[in-house]
Amino acid sequence: MPSSPSSIDLRTWVRDIPDFPKPGILFRDLTPLMRDPEGWGEAIRLLGLLCERVQPDLIVGIESRGFIVGTALATVVGVGFVPVRKPGKLPGEVIGVDYSLEYGTDRLEIHSDALGEGRRVLIVDDLLATGGTAAACAELVLKAGGELCGFGFLVELAALEGRSRLPQEQPIESLIIYS
């Protein structure tokens, strides 16, 4: 549930695209939300209320749509933004974590000096599905010396039970939940 009731239904700006990226998948396209100042402003306002509660020092956004959510949110609440990237995308010294996908493995990386010891970190992304990437990002934040203070997502696909893979002691905020 969102941090505060909203008179705006954010689902109005989510476009359903059947059979993308493959047959049988219903893709939730958030680009209409992002292009609408009223809807996007409300989404960032609601995530800002989460920030008021958890008081992050930094926002970490997961590649790639988490960059869009994270930079907007960090700007509005007046904290720094740190990108978490796929392998080989960051220059300089990085810390990485490997994680399992449904069919194989992947890796996330962060600059080794990005967080600093004990900085409170809110992880954000556009979508919580199976939770594997967000859980790996949480592991990476801790490995890099950050103190995890919560998660924020625009959309959650509850049937995929991704929330169960995240640290249960942390606040997990999803603005739109599809069952």
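In this predicted model, F81 is partly exposed, with a relative accessible area of 25%, where buried denotes under 20% relative accessible area, exposed over 50%, and partly exposed the range in between, for a 1.4 Å probe and protein chains only. Residues are numbered from 1 along each chain as its sequence is written, and side-chain values use heavy atoms, with hydrogens and water left out. Because the model is predicted, local features need pLDDT of at least 70 and side-chain atom pairs count only at pLDDT 80 or more, whereas totals for chains, interfaces and linings use all residues.

Rings of Phe, Tyr and Trp (for Trp, its six-membered ring) are taken to pair if their centres lie within 6.5 Å, and the planes are classed as stacked under 30 degrees apart, edge-to-face over 60 and tilted for the rest. By this rule there are three aromatic pairs. One of them is formed by F20 and F27, an edge-to-face pair at 5.2 Å centre to centre with 85 degrees between the planes; F20 is partly exposed at a relative accessible area of 42%, and F27 is likewise partly exposed, at 23%. The rings of F67 and F81 have centres 6.1 Å apart and planes at 80 degrees, so this pair is edge-to-face. The F67–F81 pair links distant parts of the chain, with F67 in helix α3 (residues 65-77) and F81 in strand β4 (residues 80-84), 14 residues apart; helices (H or I, at least four residues) and strands (E, at least two) are DSSP runs numbered from the N terminus.

Strand β4 belongs to an open sheet of five strands in the order β4-β3-β7-β8-β9, with parallel pairing, two strands being paired if DSSP finds at least two bridges between them. Strands β4 and β9 (172-178) stand at the edges with a single partner strand each, so one side of each is left without a neighbour in the sheet. The twist averages 20 degrees from one strand to the next. Between β3 (residues 58-62) and β4, the parallel pairing extends over five bridges, and V60 has V82 of β4 as its bridge partner.

Helix α3 packs on the sheet, touching β3, β4, β7 (120-128) and β8 (147-157), and its direction makes about 135 degrees with that of β7. Contact here means heavy atoms within 4.5 Å, and axes are lines fitted to C-alpha atoms, for helices over the stretch in contact, with angles running from 0 to 180 degrees between N-to-C directions. Helix α4 (residues 132-143) lies across β3, β4, β7 and β8, running at about 165 degrees to β8.
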